Amino acid sequence: MIESKVDLKRYIHSDNAYLNNVQRNKKARFFMHQVHDPGYYICKYVRFLRKQEYFINTQKGNKFKAVMALYYERRKHNLGNKLGFYIGPNCFEEGLTLAHHGSIIVNPNAKIGKNCILHGDNCIGKNKTEMCPKIGNNVDIGFGAVVIGDITIADNVKIGANAVVVKSCLTEGATLIGVPAKVVKR
């Protein structure tokens, strides 16, 4: 959770690491902006998300920070509507990578660990219960994968394309595929 400017800087630096490295080059960033490269806007979205989280987590009655949290929430939602993203604040630890634009919906109550990769067209949320998934560190969620319900996913798990995960996987390093998803590799 982002609780200081140092945390904010660390999170932004580790999110979308490849794209952030490209964007540190001013010429590359200018080119990506001019050709409307989705990577440019994905990085921008994640920065708005992290800044919103910072202002939410540090406001403690400060009206300026409350206004800034709303400001970044609005900017995030405007850009998210174009990219197809809806990600609630404080869901992801540092190292979030959004590989492609397209539909990515994450329930604000979901908890996802460090270095998670979402490849696009993903849904992480709840089913009929009120509980959301808890996903470990270094989880790779393939294109079209859905993770729903009160479940837990262990660290270093790979979830295949179009998998529908409705049961917990507590085996570290497992690979889940299918509908409903089953472990195929340990």
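Student: In which sense do strand 4 and strand 7 (residues 134-135) pair, and over how many bridges?

Tutor: The general idea is that strands of a sheet pair through backbone hydrogen bonds, and that this pairing is either parallel or antiparallel. In this structure, which is a predicted model, strand 4 and strand 7 pair in the parallel sense, and two bridges connect them.

Student: What is the order of the open sheet of five strands, and which strands stand at its edges?

Tutor: The five strands are ordered 1-3-6-9-12, and in this open sheet the pairing is parallel. Strand 1 (85-87) and strand 12 (164-165) stand at the edges with a single partner strand each, so one side of each is left without a neighbour in the sheet.

Student: How many bridges join strand 1 to strand 3 (residues 104-106), and which residue of strand 3 is the bridge partner of tyrosine 86?

Tutor: Strand 1 and strand 3 run parallel and are joined by three bridges, and the partner of tyrosine 86 in strand 3 is isoleucine 105. Continuing across the sheet, strand 3 pairs with strand 6 in the parallel sense over three bridges, and here isoleucine 105 stands opposite cysteine 123 of strand 6. Strand 6 in turn pairs with strand 9 (residues 146-148), again in the parallel sense and over three bridges, with isoleucine 124 standing opposite valine 147 in strand 9.

Student: Is asparagine 122 buried or exposed, and which residues is it in contact with?

Tutor: Asparagine 122 has its place in strand 6 (residues 122-125). Its relative accessible area is 2%, and because buried means under 20%, asparagine 122 counts as buried. Leaving aside neighbours within four places in sequence, its contacts include Ser103, Ile104 and Ile105, and also Gly142, Phe143 and Gly144.

Student: What does isoleucine 117 count as at 28% relative accessibility, and which residues does it touch?

Tutor: Isoleucine 117, which has its place in strand 5 (residues 117-118), counts as partly exposed at that accessibility. Not counting residues up to four places away in sequence, isoleucine 117 touches Thr97, Val139, Asp140 and Ile141. The C-alpha atoms of isoleucine 117 and valine 139 are separated by 6.5 Å, although these residues are 22 residues apart along the chain.

Student: At what angle do helix 1 (residues 5-14) and helix 4 (residues 38-58) pack, and which residues make the contact?

Tutor: Two packed helices are described by the angle between their axes and the distance between the axes. Helix 1 and helix 4 pack at an angle of about 160 degrees, and their axes are 10 Å apart. They are therefore roughly antiparallel to each other, and their crossing is right-handed. From helix 1 the contact is made by Lys5, Leu8, Tyr11 and Ile12, and from helix 4 by Arg47, Arg50, Lys51 and Tyr54. Sorted by class, this contact has four nonpolar, no polar and four charged residues.

Student: At what angle do the axes of helix 3 (residues 26-34) and helix 4 cross?

Tutor: These axes cross at roughly 105 degrees and come within 7 Å, and that makes helix 3 roughly perpendicular to helix 4. On the side of helix 3, Arg29, Met32 and His33 meet Gly39, Tyr40 and Tyr41 of helix 4. By class, the contact of helix 3 with helix 4 has three nonpolar, two polar and one charged residues.

Methods: Residues numbered from 1 in each chain as written. Predicted model: local features only at pLDDT ≥ 70, side-chain atom pairs only at ≥ 80, totals over all residues. Heavy atoms only, no water. Axes fitted to C-alpha atoms, helices over the stretch in contact; angles between N-to-C directions. Helix = DSSP H or I, 4+ residues; strand = E, 2+ residues; numbered from the N terminus. Parallel < 35°, antiparallel > 145°, perpendicular 65-115°, else oblique. Left-handed = near helix turned anticlockwise from the far one by under 90°. Contact = heavy atoms within 4.5 Å. Nonpolar A, V, L, I, M, F, W, Y, C, P; charged D, E, K, R; others polar. Buried < 20%, exposed > 50% of the residue type's maximum accessible area, 1.4 Å probe, protein only. Pairing = 2+ DSSP bridges.
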